Amino acid sequence: MKHLLLLQAFMLLLILNSCRENIDKKEVNETLIQENPITRKLENSACKVTFDTMGNTNAPVELIGLYENIVNTNDHTYGYSLKLWKLEEQILGFFNVYESSLEPDRSGVITSGSLATNDSLYIEAWTKESKGFKDWQQSDVHIFSFSGKLNANKLIGKLSMLNCSNNTIEYVQQLELNYSEMWPLESYANIEDWKENYANNLDMAN
């Protein structure tokens with residue numbers, strides 16, 4: 001009788017242990033199922049942006065300069081232009097793409113950027129078709145990323161373009177832009193003055 005009771009107790013322990021393992025596996029699976037969508041959402045985070053988070057400080061917005069490689073054939077314009085400012089450790093500015101029109105075919109705002117002490121520059125620019133186009137608000141978002149070197153006279157590095165409509169990088173190319181005074185630019189006393197002056201450029205995402 002005593003041996004029978006011991007056997008029954010042993011079988012009960014095995015059943016309880018098996019149930020506990022199944023519960024643990026279920027909890028692990030549920031955790032994995034919850035985490036996967038979050039990871040997928042973060043992959044395309046650069047494609048959605050708010051320009052209101054570009055700083056709130058009384059520090060001056062210092063002009064770095066205008067860099068471009070624009071070629072004008074009277075009928076068409078080709079190239080890129082990049083206007084750069086620095087707000088403490090943050091890079092601000094605007095990126096324009098000329099594919100044939102006299103005005104930019106695609107324009108946008110630098111949403112992320114850094115300039116290291118060794119003159120290494122990294123930026124990301126959020127762009128749409130320029131406002132001169134009839135349906136510019138419905139145009140695809142393209143994210144341009146630049147990584148390279150910046151000095152007083154030249155900007156050299158690699159430019160890539162991510163098409164947010166299909167989440168693919170459509171090209172990577174070498175880019176060289178020269179310092180230019182084609183358009184007059186200036187420094188600003190603070191970020192609010194800079195935002196006010198470029199309000200028309202900053203409302204492209206609205």
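A: Helices and strands are DSSP runs, numbered from the N terminus. The model shown here is predicted.

Q: How many helices and strands does the chain have, and in what order do the elements run from the N terminus on?

A: There are 3 helices and 9 strands in the chain. Read from the N terminus on, the order is α-β-β-β-β-β-β-β-β-β-α-α.

Q: What is a disulfide, and how many does the structure hold?

A: A disulfide is a covalent bond between the sulfur atoms of two cysteines. This structure holds 1 disulfide. The bond joins Cys47 to Cys164, with 1.9 Å from S to S. The angle about the S-S bond is -85°, and the link of Cys47 and Cys164 is left-handed.

Q: Which parts does the pair tie together?

A: Cys47 is in the loop between helix H1 (2-43) and strand E1 (61-68), while Cys164 is in the loop between strand E8 (154-163) and strand E9 (168-180), so the pair ties together parts that are 117 residues apart in sequence.

Q: Are Cys47 and Cys164 buried or exposed?

A: Both Cys47 and Cys164 are buried. In the chain, buried residues make up 35% of the 206 residues.

Q: Why does Ser139 count as buried?

A: Buried means under 20% relative accessible area. Ser139 counts as buried because its relative accessibility is 10%. Ser139 sits in the loop between strand E6 (120-129) and strand E7 (142-150).

Q: Which residues does Ser139 touch, not counting those up to four places away in sequence?

A: With those neighbours set aside, Ser139 touches Lys128 and Glu129. Thr127 is 12 residues from Ser139 along the chain, and their C-alpha atoms are separated by 9.5 Å.

Methods: Residues are numbered from 1 along each chain as its sequence is written. This is a predicted model: local features need pLDDT of at least 70, side-chain atom pairs count only at pLDDT 80 or more; totals for chains, interfaces and linings use all residues. Side-chain values use heavy atoms; hydrogens and water are left out. Helices (H or I, at least four residues) and strands (E, at least two) are DSSP runs, numbered from the N terminus. Buried means under 20% relative accessible area, exposed over 50%, partly exposed in between (1.4 Å probe, protein chains only). Contact means heavy atoms within 4.5 Å. A disulfide is a pair of cysteine sulfur atoms within 2.5 Å.
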